[in-house]
Amino acid sequence: MGEKHKVLIMKCDTYDADKIAGIVKYGMDQLNVIPSGNILLKPNVVIAHKELFPHAFTRKEFLDGVISATKEKAKNVKEISIGERSGITIPTRFNFKHAGYPEVIKKHRVKTYYFDEERHVPFKLKKEVNLRDSMFFPKPIVDCDFLINLPKFKAHPWCRLTLSLKNFIGIQDDKHRLVDHNSFLEHKIADLQEVIQPGFIAIDAITAGQKMMLTPTPFDMGAIVMGINSCAVDSVCAHMVNVDPKDIIHLKFASERGFGPMNLDQIEVMGDFPLDEMQKKTKNFEFCMEHIDNYFDKSPNLNCTIGTFPEKHSSDYCWGGCPGSLQETMHIFKAFYPEIEKEMGKVRYVVGKVEGPLNLEKGEKVIFAGDCTSWKGEIDGEHVKIESSYKTTSEVDEKKAKSNDMQMKIISASVHALFNKKRYIHMKGCPTSVAQNVNYLSSMAKIPNLNFDYRLVFGVNAGYYKMRFKRFFNHLLG
Ligand code: SF4
C-alpha cells in the first residue's frame, strides 16, 4: 500500500482571522503545501446575507486567515485571487459584498474573479464514464496553477453533505451549471473534478450548517479540516458527522474514478481534534434528506404529489432537481416571512409522472413542476393534459444551454403567471431553479415576491447591472 493521504482536524472555536491563519500555516507545514504560480482560492458563497443567510457561506475571517497563511507559505507567486459563482441568478458580487469579502480582498490586495462575469471556455474531458466529452469552465479555473478549495461544512438536502467535491458546482456560470443538475447531479459533481485537483483544502467547520444549504441551522463544530485530496478530506468529514462515505454518492463516484480514497485505512487522520471526540460531539447533527411529500406533510397550505422519474438509476425520486428546489425555496421564504406557510394560499406541487386524480381541495392551485412532469385528468371540469418534454443527458447540447439570466427569469415567470387565468400552471425547466420556484410560488400562492423585497431589490439589481457590464467587457476583451 502506498503512502496514506493525510487529513487534519484542528480545533478552532472562533472566527479569529489571526488564529485561523496560525492553524492553516501549521496545516500547510504538516502537508508540505507550497502554493505557487496562479493561486486561486475558491470559497463557498452560494448565498450570503448577515440577517437572512448568515451560515450559508465560508466566513470572511476564514478567507482572511487562509490568505495570510498562503502569502507566507507561497513561492514563485504570479497571482493570488479569489473566484466563485454563487447560486444561480443572484450576482456573485452581491453575495461577496454581503459576506464581507471586499474588505478582506482590499486588505490583502488580491484579485477577484466573479465567475459569472468571466469568459467560459470548453475543456475536454478524458474519462469515458463522464456524462460529456467536454464541459465549460471559467478561464481563471483553466489557467489556475494552484487551487485552494475553501468549502463551508454543511449538510445538503440533495447530496447529504456539501464539502470539497461539491464545492466545484460553483465553478460554472449560470448557463452551464444547470446542465445535468437533475438526477445526474452526483455524476456531474464527479465529472467536474477532472478540470483541476486542489493543491490544498481547508474546510470552514467552525460553525457548520445543518439540514439545508441556503438556510442552514448553525452547529458549533469548532474545527478546521485540512488536506490535499478531496476524496480523503470528504471521507473524513463524513465520518466526523457519523455518515458512511459510501452514502455520499458523488464521493463514491469520484473515488471509483481514481480521484482518491474513501477508506479510513488509506487515510491518516491527524490534528488535535480526535475523530471519535468529534463523532460524539456531532451525535445530534441534523440532515434533511427527505422526499418533499413527507417533508411538507404537516404544512397547512402546501401539498406535494410525487410521481415517477425518467432515469432508471433514480426512478423513485429526482434528488438533484425540482423537489430540492422547492425545499430550498420554502426555507428562503421562511427566512423572510417566518409565518409564510400559514399565510400562503393553498398550492399543490406536482412533479414527475403522476397518474390518477389529484383530489384537489377547494381553491387549491396546482404547479406542475419541471419538464419531466406529466399528468392527465380533470380540473374544474376541464380536461387537462400536461406532457413531458424531458430530454436525457445525451439529448441536451451544453453548447446551446440557456443563459438563465436573472431578469429574463423574473420577466418570463411573471408574464407566464400574469396571463395564466387557470388554476394550474406548468413551470418548465430541468431542473426548475430556486429562482423560478420563488417566482411561480409567489404568483400561485399569492405571497410577496422576494425579488422585490427591499432587503434585496436594490443591491441585487445594482450587482446585476454591474455584472452584465463587466461580463460584456470581459467577453469583448476575449
Ligand atoms: S424536470 Fe425536475 S424533477 Fe424532472 S428530471 Fe428534471 S430536474 Fe428532475
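Helices (H or I, at least four residues) and strands (E, at least two) are taken here as DSSP runs, numbered from the N terminus. The structure described is a predicted model, for which local features need pLDDT of at least 70 and side-chain atom pairs count only at pLDDT 80 or more, whereas totals for chains, interfaces and linings use all residues. Residues are numbered from 1 along each chain as its sequence is written, and side-chain values use heavy atoms, with hydrogens and water left out.

Met444 is found in helix α15 and is buried, with a relative accessible area of 5%, where buried means under 20% relative accessible area, exposed over 50% and partly exposed in between (1.4 Å probe, protein chains only). With contact defined as heavy atoms within 4.5 Å, and with residues up to four places away in sequence not counted, Met444 touches Val347, Lys365, Val366, Ile367, Asn420, Arg423, Tyr424 and Ile425. Met444 and Arg348 are 96 residues apart in sequence, while their C-alpha atoms are 9.8 Å apart in space.

The chain is assigned a domain 1 (5-281) and a domain 2 (292-391 + 406-447), with bounds that come from an automatic or database domain assignment. The centres of domain 1 and domain 2, taken over C-alpha atoms, are separated by 32 Å, and 18 residues of domain 1 are in contact with 23 residues of domain 2. Between them the two domains bury about 1900 Å², 69% of it on carbon and sulfur atoms; buried area is the accessible area (1.4 Å probe) that two parts lose on being put together, summed over both.

A nonpolar core is a set of buried Ala, Val, Leu, Ile, Met, Phe, Trp, Tyr and Cys residues joined through side-chain atoms within 4.5 Å. The largest such core has 103 residues, of which Phe153, Met221, Met240, Tyr349 and Ile367 touch the most other members. Helix α8 (residues 230-240) gives the most to this core, contributing seven residues, and the core draws at least three residues from each of domain 1 and domain 2. Another core, of 39 residues, lies apart from it and has Ile20, Met28, Val66 and Ala99 among its members. Leaving out residues up to four places away in sequence, Met240 touches Ile9, Phe153, Met221, Val225, Leu275, Met278, Gln279 and Thr282.

Aromatic rings were examined next. Rings of Phe, Tyr and Trp (its six-membered ring) pair if their centres lie within 6.5 Å, and planes under 30 degrees apart count as stacked, over 60 as edge-to-face and the rest as tilted. A search of the whole structure finds 15 aromatic pairs. Tyr295 and Phe296 form an edge-to-face pair, at 5.0 Å centre to centre and with 85° between the planes; Tyr295 is partly exposed at 23% relative accessibility, whereas Phe296 is buried at 2%. The rings of Phe368 and Tyr424 also make a pair, which is edge-to-face because their planes stand at 75°, with the centres 6.2 Å apart. This pair links distant parts of the chain, with Phe368 in strand β15 (residues 365-379) and Tyr424 in strand β17 (residues 424-427), 56 residues apart. Phe368 is buried at a relative accessible area of 0%, and Tyr424 is likewise buried, at 11%. Elsewhere, ring pairs link Phe153, Phe219, Phe285 and Phe287 into a cluster.

A charge is taken to sit over a ring if NZ of Lys or CZ of Arg is within 6 Å of the ring centre and within 35 degrees of the ring normal. Arg59 lies over the face of Tyr15, at 4.0 Å from the ring centre, and the charged end of Lys127 sits over the ring of Phe259, 5.0 Å from its centre.

Gln327, in helix α12 (residues 322-336), is buried at 1% relative accessibility. Apart from its neighbours within four places in sequence, Gln327 is in contact with Pro157, Trp158, Met212, Cys288, Glu290, Ile292, Tyr295 and Phe296.

Several backbone features fall in loops. A cis peptide bond, with omega of about 10°, joins Cys430 and Pro431, and Pro431 is found in the loop between β17 and α15 (434-445). Lys211, in the loop between β10 (200-210) and β11 (217-227), is a residue other than glycine with a positive phi, near 65°, and is partly exposed at 26% relative accessible area. Asp380 has a positive phi of about 50° although it is not a glycine; Asp380 lies in the loop between β15 and β16 (382-386) and is exposed, with a relative accessible area of 60%.
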